[in-house]
Amino acid sequence: MTPTDGRLTEALSHAPFALIGAGQPGEMTLALWPPEIERPAFVLDSVRRDPIAGIEVRPLQGHEPVPGTTYLLSAFKMPADEVRGIFAALGQSLSLIHISEP
């Protein structure tokens, strides 16, 4: 286990979670979600509003961060600056997130 793996394991050991992105990557994330980790309490998305895998989808825009919630991103082809902006608005550190820029 690398130091990053350890930090990720630690972050994932604390629920509740919220998933950002209800598109195909979000659906795949929930389909592969480990049964020993509590499923996300809700999903945030810019477009979709119908539940994903039985989990409520809330609007991303205007979302007020829920104290104690760990937000996880499940999206692709999103500019790094947009990802940084989302997490800054949520008040969550990017220390566990690797953003690759072209």
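Author: A polar contact is a pair of N or O atoms within 3.5 Å; within protein, one must be able to donate a hydrogen and the other to accept it, and residues adjacent in sequence count only if both atoms are side-chain atoms. The model here is predicted, so local features need pLDDT of at least 70 and side-chain atom pairs pLDDT 80 or more, while totals for chains, interfaces and linings use all residues. Residues are numbered from 1 along each chain as its sequence is written, and side-chain values use heavy atoms, without hydrogens and water.

Reader: Which polar atom lies 3.3 Å from the backbone nitrogen of Gly26?

Author: A polar atom of the side chain of Ser74. Ser74 sits in the loop between E4 and H3. Helices (H or I, at least four residues) and strands (E, at least two) are DSSP runs, numbered from the N terminus.

Reader: Is Ser74 buried or exposed?

Author: Buried means under 20% relative accessible area, exposed over 50%, and partly exposed in between (1.4 Å probe, protein chains only). Ser74 has 8% relative accessibility, so Ser74 counts as buried. Contact means heavy atoms within 4.5 Å. Leaving aside neighbours within four places in sequence, Ser74 touches Leu19, Ile20, Gly21, Pro25, Gly26 and Thr29.

Reader: How do I read the sheet, and what is the order of its strands?

Author: Strands of a sheet pair through backbone hydrogen bonds, either parallel or antiparallel. Two strands count as paired if DSSP finds at least two bridges between them. Here 4 strands form an open sheet in the order E3-E2-E1-E4, with parallel pairing. Strand E3 (57-59) and E4 are the edge strands, each pairing on one side only. Strand E2 (residues 42-45) is joined to E3 by 3 bridges, and Asp45 stands opposite Pro59 in E3.

Reader: Which residues of helix H3 are buried?

Author: In H3 (residues 80-90), the buried residues are Ala80, Val83, Ile86, Phe87 and Leu90. They lie on the same side of H3 because they cover an arc of only 125° around the axis, where the arc is that of the directions from the helix axis to the C-beta atoms. The face turned away from that buried side carries the exposed residues Asp81, Ala88 and Ala89.

Reader: What covers the buried residues of H3?

Author: The cover includes strand E1 (17-20) and strand E4 (70-73). Just after H3, Gly91 has a positive phi of about 75°.

Reader: How many of each element does the protein have?

Author: The protein has 3 helices and 4 strands, in the pattern α-β-α-β-β-β-α along the sequence.
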